[in-house]
Structure formats: structure tokens, C-alpha cells
Amino acid sequence: MSADPAAERATGVDLADAYFEQLRDRFEDASASSGSLDVEMAGLPLRLHYAGEALRANLLAPFEHLAAGFAGDPVLAISAFDTASSGIEPPEPLWDPVEAAPGTNPVVRLRSAQACVLAAAGSRALTAARPEAGEAIFHLPDATAVPAGERAAPIREALQLLMAARGRVMTHAGAVGREGHGVLLVGRGGSGKSTLALSCALAGMEVAGDDYVLLEPDSLTAHAMQSTAKLTEDSAGRLRVPAAAIDPAGFEPTLEGPAKALVDLRTFTPGALRRRLRIVAVVAPTTSSPTSSFLSDSGSKDEVGRRNPRLGRISAAEGLRAVAPSTIVQSGFGGGGSLATLAGLVRRVPSYALDLSPDPAANAAVVDSLVAGLG
Amino acid sequence: MPEYLRIGPEIVHETVDGEVIAIDLDNGSYYSLAGSGPLIWSLLAEGISEAGLRDALEARFGAVETIAGDVSTLLEQLRENGLIVATDREGAIATLPAKAADGETYEAPRFERYTDMKDYFLLDPIHEVDSAGGWPRPAA
């Protein structure tokens, strides 16, 4: 059956909300052996319910660094179940099936004033949320075979929907710093955000995220989400990441380009993780050699002939162009609000381009001194 | 009756440092407008004719010979890229906020298109089931 908005209006049935309730009922059926992980994320108490230990180990473990006790009910709750562990199937879809070509992940979205349902055809992840109520339900076919994209950014859609309703914009950016102050590392996939974030962690700096953070606009705070980072094989080699710190699934193809592996910062650089950093600048790393799109000359070289990193001020509009499109295209909704938030950020803090050197420590040193100068 | 034009419904945009950044939520392309582009864009927010745009710019900058051609070229670019759509009425904003400041001179609009996000969009497209509206936008 296809969702029919006209029929919905005629009958007064909110199809998205009805589906949310059905999926929540299925979670209740599946939750005989459930547990919960209480975390504080973006300053909000969040309870992650899971039906079966496989979900905690394979999906939710990257949130364990945010664990926190809280009294009373959480503000936000996300409940996850999978069919392989529980034997419980999700409700029949209310939409026509969408074909996912290899390497793609088209998403069907059904939404109403109350609820939003997102069904990913490639990963087969299913999310139903009541954003204003702070509740979401998540389903996967098999928690022992979590798709690569979902492992890299677990329950991303649920978090994005619930956090957006509370003024936190999920931003496609990393955040690194010192003593609670930091810079937002921005740019599309492959621009060098993750490599730079981990270079900074290795240099003793603080990290709130390598690829996604929750931005709270009034306080200019970047809040941590998952503790994992995605690295290419080349970057893992240059950063000398030990094999033990690389996820056993190894290097898997990504939607945006080269294969990447997950590295959990809890084991790689355990002292570096921070819940939040106050943002004092936006930095767009570039790896184009010998010149970047922002910086016009090739710069100096170190004693062994490697290019030195070069930091240059760019306009607020260039900063916005570096952070906003990938954030908004990946969010797929709430675009206007997210763009306004990000525009507010680049109006309040300076933006820079950093033409990266092949030397990770030199790149981190530039970021470190920028934070020290602005923090 | 003149044709009125306005910014399309799927375009989100912000003006920062005298530059407009506009993103098309339908296909992931994004655009930059500079020079007199942001002034023209501000007039397109609610609906204005091509002649109305020319008049508004001439009221601000005087009779600059290139204004008519520049407006026409920019509107063509905006239309081709789906950033503006036809509308049947003129909006309330038909004049620019103030006369040009001392020393401010007319600059031709500059328009740039960026398509590097299109790959993401094609790999991870969203199929809207209920396009009638709803959260996070108010229902129609």
C-alpha cells in the first residue's frame, strides 16, 4: 500500500504517527531481554533502550563515553531492536519499495506534523520518531551485521530529528581544541577532517568529534556524538594507528569515496575525548596539492622537502560554503533552520582554510596555536 | 501583464558578508551570488518583475548602461538553475532599502554554481512520501 496524503487528510489518520506507534509496539514485543544505556548528549539526558546485547555491542558502544546517571525520566529516548535477536519483524511498510542500487542508500521519508519515518533502502535501517515528544524507535534486520554507514554514525537520523527539535543542529564537522575551546573542522567527505582531528588527538589536544557534532548555536558549543572516527588506509598508516585500534570489519567502501575503517578513540586516544568544546573558529582543511582552492601559492617546505601547512583567513561566506552544503544535503530536511544556524556561527567566529602538510604533527601544531590565540 | 519572479520554494539561502549562499534542497546544488547579486536576490524574495528589478537598481545607482543586460543575464542563470520561479503577483518589496551610500558604485552581479554535493545527493536520495508538509515545516 502507498501512503496517500489525501486519504490521510480525509480520514484524519496521521500515517507517520500511526507507523511510529506500530513500531513502538513491536519494540515492546521485542524487549523481553532489553537493557538501557543512559547518556548525556548535547546537555540532554538521553536513554538508549536496546533489545538484546548485540545492539549495545555493535551499534551503541560508541556512545559509552557519554554515559551519565540522571534522576527521573530522560528528556530523550531512543529504543532499538533487531529481528535476528528478537524474532520480531517491523510493521508492514506504508510505502512502495524503493530499489537501492549497489553503493547507494535511498531513503523513503513519511512525515507529518507529529512524526517522521525514515526507511533506508540500502542499509535497511528503519527510524520512526516523534521529535517534539523526544522519542524515536530504530530497527535493523540483524544487529550482528550492522551496515558500515550505520556503524560509522549510529542512529544518526533519530538523533538528528530529536536534537533538531531542541535547537541542536547535527553538523557535518569535527571539533578539536584545548581547555574546552576548539575549532570546527569543516568540509565534505575526503577533505581531511578526520585525519586532522586524529592528528590533533595524537598531539594531546581534545576531540569532540571527527565527522559529526551537535552544534548549539547560542553558546557556540559543539557537542560530541559517537566516539568513532573514519580513516582511509593511507591516513591510518600516516598516523601509525595500531591494528588493534582498527575495527575488525576493516576498510569498507563508503558512499563518498575511498574505503575507510572505524577507529574508536576510546582505545586509540582515550584521554582526548571531550563531551563538548566551545567553538572559537571554523577551519576548512584542504588537501589539494600544491595549492588549494582557498590559498593561492604553494608555500614553504620543511627540511625534508614536505610542504608546510598554511593557514589563511577566508571570508565568512567561504566558511559557510565549506560547512553548510554537506550538512544540509546530508540532513535532507530542516535545511533553512540549519543554514541560518551555520550562518550565525560564521558571522560570530572567524573562518580559515588550512592547506594540510603531509606531516600530521605539523598540521596539529597549527590548529593548536590557532586555538591558543583565539581561546 | 508583466511576469513576476520569486525565489523557489525548495531554495534555502542566507546572506553573509555581502554574499548570498543558496542551496537547492531538490538536487544538492549550491550557489554563490556576489556583486549586486545579493541586492537583486533580496528583491526576488517576494516577487518582482524584470523591469521592477531594473528600476530598483537604477533608483539606487543611477542610469548605469549595463544594468539592464546584467539583470537579464542573471535572471536567465537563476531561472535555468531553478532558483527562481514565476509568480502571479508582485511582493511588497519592490524597492531597495536605501540610496547607495557615498562611494558605493554599481557592481555587476556575480553568479557561481557548485555541484560537488550532487554525488551525495544521488547516492543517498530522499523519496518524499508525504509532500503535503508537516514536521519540521508547518502543515500547509
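Helices (H or I, at least four residues) and strands (E, at least two) are taken here as DSSP runs, numbered from the N terminus. Residues are numbered from 1 along each chain as its sequence is written, while chains are lettered from A and ligands numbered from 1 in the order in which they are written. The model is predicted, so that local features need pLDDT of at least 70 and side-chain atom pairs count only at pLDDT 80 or more, whereas totals for chains, interfaces and linings use all residues.

For the complex, the predictor gives an ipTM of 0.85 and a pTM of 0.90. In terms of pLDDT (the predictor's confidence in each residue, from 0 to 100), chain B has a mean of 83, with 77% of its residues at 70 or more. Among the elements of chain B, the highest mean pLDDT, 97, belongs to helix 3 (residues 67-80) of chain B, and the lowest, 65, to strand 8 (residues 126-128) of chain B. Over residues 131-140 of chain B, pLDDT stays under 50; where pLDDT is low, the predicted coordinates should not be read in detail.

Chain A is divided into domain 1 (5-164) and domain 2 (169-374), with bounds that come from an automatic or database domain assignment. The centres of domain 1 and domain 2 of chain A, taken over C-alpha atoms, are separated by 28 Å. Counting two residues as in contact if their C-beta atoms, placed from the backbone, lie within 7 Å, 19 residues of domain 1 of chain A are in contact with 22 residues of domain 2 of chain A. On the domain 1 side, the elements that give two or more residues are helix 5 (148-152) and helix 6 (156-164) of chain A.

A residue is termed buried if 20 or more other C-beta atoms, placed from the backbone, lie within 10 Å of its own, exposed if 12 or fewer, and partly exposed in between. A nonpolar core is then a set of buried Ala, Val, Leu, Ile, Met, Phe, Trp, Tyr and Cys residues joined through C-beta atoms within 7 Å. The largest such core has 145 residues, of which A:Val183 and A:Leu184 touch the most other members. Helix 10 (residues 316-331) of chain A provides the largest share of this core, eight residues. Because domain 1 and domain 2 of chain A both give residues to this core, it lies between them. Beyond its neighbours within four places in sequence, A:Leu184 has contacts that include A:Ala173, A:Ile279 and A:Val323.

A:Arg347 belongs to helix 11 (residues 335-348) of chain A and is partly exposed, with 13 other C-beta atoms within 10 Å. Apart from neighbours within four places in sequence, A:Arg347 is in contact with A:Ala316 and B:Val16; the C-alpha atoms of A:Arg347 and A:Ala316, 31 residues apart along the chain, are separated by 6.2 Å.

Chain B has four helices and eight strands, and buried residues make up 35% of its 140 residues. In helix 2 (residues 50-61) of chain B, the buried residues are B:Gly52, B:Leu53, B:Ala56, B:Leu57 and B:Arg60. These residues cover an arc of only 130° around the axis, which puts them on the same side of helix 2 of chain B, the arc being that of the directions from the helix axis to the C-beta atoms. On the other side of helix 2 of chain B, B:Ala51 and B:Ala59 are exposed. The cover over the buried residues of this helix includes helix 1 (37-43), strand 5 (48-49) and helix 3 of chain B.
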